[in-house]
Every structure is written in structure tokens, then in C-alpha cells.
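Load the model in your viewer and keep the selection panel at hand.

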Amino acid sequence: MPPGRSARLRREAWGFAIGSVCFAVGAVPFYADGVGPVLTNATFFVGAIFFTLAALIQLVLSGRRPPRRGTNPADRWDWWAALVQFAGTLFFNVSTTEALITAINPATQVASGWRPDAFGSICFLVASTFAVIATRDRDHLWDPASRTWQGSWLNMLGSVFFGISAVGAFVLPATGDLASLLWANLGTFLGALCFLTAALLSRRTAPVQKQ
């Protein structure tokens, strides 16, 4: 693996790891109660930025252009997974920005951030599905000796938890309360832990296959 590519892979892993830590910490009620809504939402805001930077690196490493005819099927699915995941991180940027602005000044007429949060969660689920398909084409869906297998399924599980979190964070029109504060926080926390573990595993990843 060329040194430059190896360095970018490490930066990608650190970006996802730092973003995951921010989301996990922000979802802990004790932290939110201790630092207040502004710093809590700022934590999510920073985490989303690291997610986006890492996803951009992953997309660049997958190729700047859509796969051409004759491209290895696994590489094609990897590229689409990277693209959709990058789009998902942008939605999280929007949702965390809206939430932070509202926390700073509750009187502002900014949206709740739920829609982009939900769209981001859907993108993560789709991207994780594409990554699992790529893993199937490249290795095996159930191979404990493969770090790619471990990371793919951890990211899928994390995306499911983020999806549960988005459902829990839906604001009920009648009361203005969340559908489930417990699952809004727990889903984010568990999902972030899955993403963190996958990111740390990817730092031990094996060699990149040639195109």
C-alpha cells in the first residue's frame, strides 16, 4: 500500500473514531445535564464534522468518479456505499447545525433538525447495506478472520441503532415531546459505539486490493 494512501486510511479511521466519541458522549444524559444544551449540541456538531471529513476521505479513496463498466463488483458497491454515506453525513451536518442554533437562541425560527437527521440515518442504512454486499462479493458475509466482515456488520448495526434513535427523536406534534427520549439517546450511544469499534478495527486493516 502506498504511504500516502495508508496515511489517508489512518486519517479516515481517526475521523470516524473522533466523530463516534463525540456522538456517544453527547448522548449520555449525565453529560448533557452537566454541560447544558449548548455544549451538548456543540459536541454533536463537532462529531458530525469529523464524520463528514472521514466520509470524504473514504469517497476519495474509493475513486472520484462513478465506477465504469467492467469495474470489480465489490469496488462498485464500495464506491456507492462511500457516496451515500458521505451524503448521510451532510444531512447530519444540517441537523446538528439546526439543533445548535436553536440551543444557542431558542427564539430562532430554525427547524428541529429531525428531517435531516432521519434522512442521514436512512443514508447510513443504505450505505451499510451496500458495504455488506461489497463484503459478500470480496470475502464472506460470516468470516470471523476477516476484519472487513467485522467492520461491515458493525457499521450496519450502528446504522440500525442510529435509525432507532431518529425514530425516538421524532417530535410529537400534539405535545412537542420526543417519541422516546430513551431511545433517542440510547440509539445514538449504541450506534456510536459500533461505529467507534469499526473505526478502530479499520486501523488494523489489511492491504488495499488493486483496482
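Start by selecting F195: leaving aside neighbours within four places in sequence, this residue is in contact with S20, F51, F124, N155, G158, S159 and F162 (contact means heavy atoms within 4.5 Å). This is a predicted model, in which local features need pLDDT of at least 70, side-chain atom pairs count only at pLDDT 80 or more, and totals for chains, interfaces and linings use all residues. Residues are numbered from 1 along each chain as its sequence is written, and side-chain values use heavy atoms, with hydrogens and water left out.

F195 has a relative accessible area of 8% and is therefore buried (buried is under 20% relative accessible area, exposed over 50%, partly exposed in between, with a 1.4 Å probe and protein chains only).

Of its 21 residues, F16, F23, F51, L59, F92, F162 and F195 touch the most other members. Two or more residues each come from α1 (3-26), α2 (29-62), α3 (73-104) and α6 (181-202) (helices are DSSP runs of H or I, at least four residues, numbered from the N terminus). α2 gives the largest share of this core, six residues. Then select A81, A127, A131 and I133, which are among the seven residues of a second, separate core.

Now turn to the rings. The count comes to 15 aromatic pairs (rings of Phe, Tyr and Trp, the last by its six-membered ring, pair if their centres lie within 6.5 Å; planes under 30 degrees apart are stacked, over 60 edge-to-face, the rest tilted). F23 and F51 form a tilted pair, 5.2 Å centre to centre with 40° between the planes. This pair links helix α1 to helix α2 across 28 residues of the chain, and both F23 and F51 are buried.

Which kind of pair do F124 and F195 form? Their planes stand at 80° with ring centres 5.7 Å apart, so the pair is edge-to-face. F124 sits in helix α4 (residues 114-138) and F195 in helix α6, 71 residues apart. F124 counts as buried because its relative accessibility is 4%.

At 56% relative accessibility, L182 counts as exposed.

Terms used: A nonpolar core is a set of buried Ala, Val, Leu, Ile, Met, Phe, Trp, Tyr and Cys residues joined through side-chain atoms within 4.5 Å.
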